[in-house]
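Please examine the structure shown below and follow the explanation with the model in view. The paragraphs take up charged pairs, strands, nonpolar cores and aromatic rings in turn.

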Amino acid sequence: MEKLEYIVPCHFGLEAVLKREITDLGLEITGVEDGRVTFAGDRQALCRANIFLRSAQRILIKMGSFHAETFEELFQGTKALPWEAFIPRDGRFWVAKAASVKSGLFSPSDIQSVMKKAMVERMKGVYHVDWFAESGADYPVRVFIKKDEVTVGLDTTGESLHKRGYRKLTAKAPIAENLAAALLMLTPWRGERILVDPFCGSGTIPIEAAMMAAHMAPGKNRSFTAEKWEHVFAAKLWQNTREEASAMETPDVETQIQGYDIDDEMVSIARANAKLAGVENLVHFQKRDVAQLSHAKKYGFILTNPPYGERLEEKENLKALYRTLGERYQALDSWSMYVITSYEQAETAIGKKADKNRKLYNGMIKTYFYQYMGPKPTGRRK
């Protein structure tokens, strides 16, 4: 069966996590760059990537790449791509996003306009029409230009993959679902082990953990732009992938996942989101101040996204908040702690230097993922 090449953008700093996920799906990696991974696969692979990948942002069909320093070169390079292989005569097509780094072409709106004209010119010649109604399915295009090298992708996903469909209600500063999942994958935590998020907000980290513990595919219950491209991806492919996902689920798995928040409303929101995700029986949410964080068992994990101090009222109390977190962590027996934050003084306030520190981006905010490694459990059965 014909292989296509797919581009998978991700959060900067999480390329290795995404690469491992794609490899675990049995797919062939063809390249890794800052903020994205590419792989080769058939049409079923596209459906599986959209439905199973936890750390990805979207899946693009790689239409091609070329060098362009001028708008004329951009026009001709875009026109040379085989758009008709995917976009039918009635397709609605546009350049949804253009990003440029260290390149002669840098105006997103101009890049989008030139590329749209080039696509029209190409398909006018193929379909022998002078005007397109664009009344059919959507075919959004994304383009990355770096050092004058243009990479063009056709977006099969639509709304970003972090939108699993369960988070109808959010906190003031929520962590994206795909970032939360990636952070979990950066730790040794596994579904049968204790996990506590003492700043759970709308519950994203505990919910993603529960979905991982129950082997629930993150994209199973949402739709994708390419589902309407039945001439390219038959409905049976999507159906087969969702059936595969359902067969893998273990909803009765025993878990020890807990989320705490000082705000009653946030706890209610977290519970509602967990119910929408189908994991309400796998997560325990409770109103609790971080100062009350305690646990009788050993070898647990804290994974949390505490306040960053982006708002003035938070800044004043930030040091004390992180100090309390550090004190409660030190009081736990043989635990590990993982904290993502943009607060530069986090380690000082926590009172202990992290074993590892990884720079990541939470949206446009530069953050640090502080990793405090506890001892491995002894005497556990393999």
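Lys 124 and Glu 121 are three residues apart in helix α4, so about one helical turn separates them. Their side chains meet in a salt bridge, with 3.2 Å from N to O; the term denotes a side-chain nitrogen of Lys or Arg within 4 Å of a carboxyl oxygen of Asp or Glu. Lys 124 has a relative accessibility of 24% and counts as partly exposed, and Glu 121, at 34%, is also partly exposed. Here buried means under 20% relative accessible area, exposed means over 50%, and partly exposed lies in between, for a 1.4 Å probe and protein chains only. Helices (H or I, at least four residues) and strands (E, at least two) are DSSP runs, numbered from the N terminus.

This is a predicted model, in which local features need pLDDT of at least 70 and side-chain atom pairs count only at pLDDT 80 or more, while totals for chains, interfaces and linings use all residues. Residues are numbered from 1 along each chain as its sequence is written, and side-chain values use heavy atoms, with hydrogens and water left out.

The structure holds 17 salt bridges. One of them joins the side chains of Glu 134 and Lys 116, at 2.9 Å from N to O. Glu 134 lies in the loop between α4 (108-127) and β6 (138-146), whereas Lys 116 belongs to helix α4, so this pair ties together parts that are 18 residues apart in sequence. Another salt bridge is formed by Glu 227 and Arg 242, at 3.1 Å from N to O. Because Glu 227 sits in the loop between α6 (204-213) and α7 (235-248) and Arg 242 in helix α7, the pair connects parts 15 residues apart in sequence. Salt bridges with shared partners also join Arg 58, Arg 142 and Asp 155 into one network.

Which parts of the structure pair with strand β9? Strand β8 (residues 194-197) pairs with β9 in the parallel sense over four bridges, and five bridges join β9 to strand β10 (residues 283-287), also in parallel. Two strands count as paired if DSSP finds at least two bridges between them. Val 196 has Gln 258 in β9 as its bridge partner, and Gly 259 stands opposite Phe 285 in β10. From β9 the chain passes through helix α8 (residues 264-277) to β10 in a right-handed β-α-β crossover: with the strands pointing away from the viewer, the path from the first strand over the helix to the second runs clockwise. Five of the six residues of β9 (residues 256-261) are buried, so the strand is largely enclosed by the rest of the structure.

In soluble globular proteins, nonpolar side chains tend to be buried together. A nonpolar core is a set of buried Ala, Val, Leu, Ile, Met, Phe, Trp, Tyr and Cys residues joined through side-chain atoms within 4.5 Å. The largest one has 60 residues, of which Val 152 and Phe 233 touch the most other members. Helix α4 gives the most to this core, with seven residues.

Phe 233 also takes part in one of the 11 aromatic pairs. Rings of Phe, Tyr and Trp (its six-membered ring) pair if their centres lie within 6.5 Å; planes under 30 degrees apart count as stacked, over 60 as edge-to-face and the rest as tilted. Trp 229 and Phe 233 form a tilted pair, 6.4 Å centre to centre with 35 degrees between the planes. Trp 229 is buried at 0% relative accessibility, and Phe 233 is buried at 0%.
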